[in-house]
Amino acid sequence: MKKFILFLLINCLITSSLISQNLQSPEQFLGYEIGTQFTRHADVVNYFEHVAENSNLVEYSTYGKTNENRQLTYATISSEENLKNIDEIRKNHLSNAGVNTNNSGNQADKAIVWLSYNVHGNEASSTEAAMQTVYELVTNKKEWLKNTVVIMDPCINPDGRDRYANWYNQVKASPYNASLLAAEHHEPWPGGRPNHYLFDLNRDWAWATQVETKARLKIYNTWLPHIHVDFHEQSINDPYYFAPAAEPFHEIITPFQRDFQAEIGKNHAKYFDEKGWLYFTKERFDLLYPSYGDTYPTYMGSIGMTYEQAGGGQAGLGIQTTEGYELTLVDRVAHHFTTGLSTVEIASQNVEKLNSEFNKFFQNDQLSYKSYALNGSADKIAALKSLLDLHEIKYGATNSGKIKGFNYSQNKQADFNTNENTLVINTNQPKGKMVKVLFEPNTKLSDSLTYDITAWSLPYAYGLEAVASNKLLNNTQADSYTSIVNNASNASGYISKWDSMEDARFLAALLKEGIKVRYSTLEFENEGQIFNPGSLIITKSDNRTLKDFNTKVIQIANEHGRQLTAATSGFSKSGPDFGSSEIKIINQPRVGVLRGEGVSSLNFGEIWHFFEKDLHYPITPIDTDYFKNIDFSLIDVLVMPSGGYNSLLNEEALKNIKSWIKEGGKVIAIGDAVGSFSGKEGFNLKENKPEIKKDTTATANLIPYATRERESIKDLITGSIIKTTLDKTHPMAFGYGDSYFSLKLSSDSYSYLSEGYNIAYLEDSPEVVSGFAGSEATKNMKNSMIFGEEQIGNGSIIYMVDNPLFRAFWENGKLFFVNAVFFVNNDTYRLKI
């Protein structure tokens, strides 16, 4: 028996040795030194598969696929013994956070470190560093793995990375050209930074609108690591940034999280100082906006950090900086390789402290608001539930009568009435701090200089009535979705409500099937029910040539969960009858969207994603390269994303657009695109100019140089929530009430339209309900238009100063955009042949 056991031991050692001997370094496997060229994503996957096949310390898995069918992967790296018990280690760790209550009873005694690479596709050095890092960990740093589990996502954004790498490999000189003038340092539009739909994945963690994020969160929430690092790149002259972060820190971030960031930073500094590498800390990159790769993990208990290496898409394989030295990809890889290893090292040295403080983070008794209660349409509540499910945040239902607390719509302490459908989210759950961050009425700012938007409160974003209460509300399990089943009838038509994106998707599906639809511009009563303006009406008369009309309408309604009212007659008890001119036909619009140089790639991506993935309605992208020569008769709606159009919209182009609008065309201008029509001949739009005070004593600028940036913020709005007044009788506002909470992203301000319709606007005392808005910018917003329509001949131009599709998370703004496309001036289109 002893001989047999000895034989097994020897055999295991030989097998292990043979596996190790087969393991190749990245250079051996790829055939070139890391940093001398950009590795294709498929080859990165191949290398990680090779490591997993030839090392007992690595497990490699696929967690999803991108829109362009590239693999999303992660590696789990630890000692051989740990990997054998990896599921128990994971459960013990989650139990320490209170997330998993069904574990073996063993204490958490491992450090969990998650390293995320290449979230921005053209910040490509980190994926190269990932290959070196995994090899080093399993060959020379095995000791650290005895008490540490390292999870590596080698490329969060494969589509963006390959877009960048493929372009660079096509245009680079051989050898590379380091001159700033060389073509290889000037990426074409849209660049490799975003994903397929041109979204910034580093702003999507909390909103989870993209397939990459949704897939990643499923895995991330099964681990909730102690430490999470997001590897980035910045401008070529900024050497290297690592934690500690800059102010403002969100108030829920614990003293330990702050202090341990500094401890990690000091460990990095030790290695950088030895090498003579420059770095900086405590600047620029704050911890506030919840959807970053450093803040989201922080609010989930992690030490969340971003590491920023000089370079980015401009750097290529090597570039001459303006500071007189050449920055190479080899340099950039070495720096990320060093901080990655340093992070694992410091984690391995502090396992007990990480676990004890991790446990404390999930104790949420100190949070002032104990519950958030929300009322609203079933569709909007369901949309919010879907988001909470992605983050595994618990919720329930409450019918606690009248609640006192902070009332969101009134922006003050006030009563709030609950009902049997009221949704409640309590903070006495493991992810209670994230609940606070996502639902807090107004984020506390320790510093107004921030890196991103300062307001995002979900009740405003989803258009829900809400209250934040200091009392813990009792709740029961929320009702699950009940499918709606409509039955076919011989009705003269069907009526469906209009107040949500689910209704919009239903309309889009009907139109794509060739079913004619109308909408009411006025309130009416039919079949004993009152229907609001915007309600959809599908009549047998309009669709008399359509076979199986009833069957098709019912089938589509059931697929979209829409409750139809079968109208036995088109005669209304009150309001317009079905044949009234106030019941307008919805022509199926042919939508063109501008893209290309001068256009915001992010805003184009938001529009593209909205039509394809949210509304499921076709569009025609039109490039600015050939826009001047397009045949306008082939489209009915032209969407102009935010961008700079001064060179594109010369006098002749504006004349052509105006002529097309007069004949029935429609332009929807968003964000910066609105300014392209300000003050132009034939357009009624005028910019509000800030009041310039005359200084009779001096003309010199006496603002100290050191305070120049802080002084400038009084003129800025970088993402705050502001209450607007609505003309709810206008078709663009159908489905809304008397007011709308808009996410204001800039200080752009335009006067009321004197010839046209001011649909959403600010009056003499703009009410900023959440986030930072500079004092001068707020003053200049007085009496300004947010959404407006100017009619020109038979057509219209719609001005959307605020972007309702921003990052696809401002759910309550989306219906404005749908209304603009389908309702506003839609019945004037030329007859299509």
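The following questions and answers concern a predicted model.

User: What conventions apply to the numbering and to the values of this predicted model?
Analyst: Residues are numbered from 1 along each chain as its sequence is written, and side-chain values use heavy atoms, with hydrogens and water left out. In this predicted model, local features need pLDDT of at least 70 and side-chain atom pairs count only at pLDDT 80 or more, while totals for chains, interfaces and linings use all residues.

User: At what angle do the axes of helix α6 and helix α11 cross?
Analyst: Helices (H or I, at least four residues) and strands (E, at least two) are DSSP runs, numbered from the N terminus, and axes are lines fitted to C-alpha atoms, for helices over the stretch in contact, with angles from 0 to 180 degrees between N-to-C directions. The axes of α6 (residues 125-139) and α11 (residues 329-348) come within 8 Å, and their crossing angle is roughly 50 degrees.

User: Which orientation do α6 and α11 therefore have to each other?
Analyst: Angles under 35 degrees count as roughly parallel, over 145 as roughly antiparallel, 65 to 115 as roughly perpendicular and the rest as oblique. The orientation of α6 and α11 is therefore oblique.

User: Which residues have the most contacts inside the largest nonpolar core?
Analyst: A nonpolar core is a set of buried Ala, Val, Leu, Ile, Met, Phe, Trp, Tyr and Cys residues joined through side-chain atoms within 4.5 Å, where buried means under 20% relative accessible area, exposed over 50% and partly exposed in between (1.4 Å probe, protein chains only). The largest such core has 174 residues, and those with the most contacts inside it are F439, F677 and F817.

User: Is L224, with its positive phi, buried or exposed?
Analyst: Most residues other than glycine have a negative phi. L224, in the loop between α8 and β5 (227-234), has a positive phi of about 45 degrees although it is not a glycine. With a relative accessible area of 0%, L224 is buried.

User: What is the relative accessibility of E392?
Analyst: E392 is placed in the loop between α13 (378-390) and β13 (396-398), and its phi is near 55 degrees, a positive value in a residue other than glycine. E392 counts as partly exposed, at a relative accessibility of 41%.

User: What is the omega of the cis peptide bond from A243 to P244?
Analyst: Most peptide bonds are trans. P244 lies in the loop between β6 (240-241) and β7 (246-249). The bond from A243 to P244 is cis, with omega near 15 degrees.
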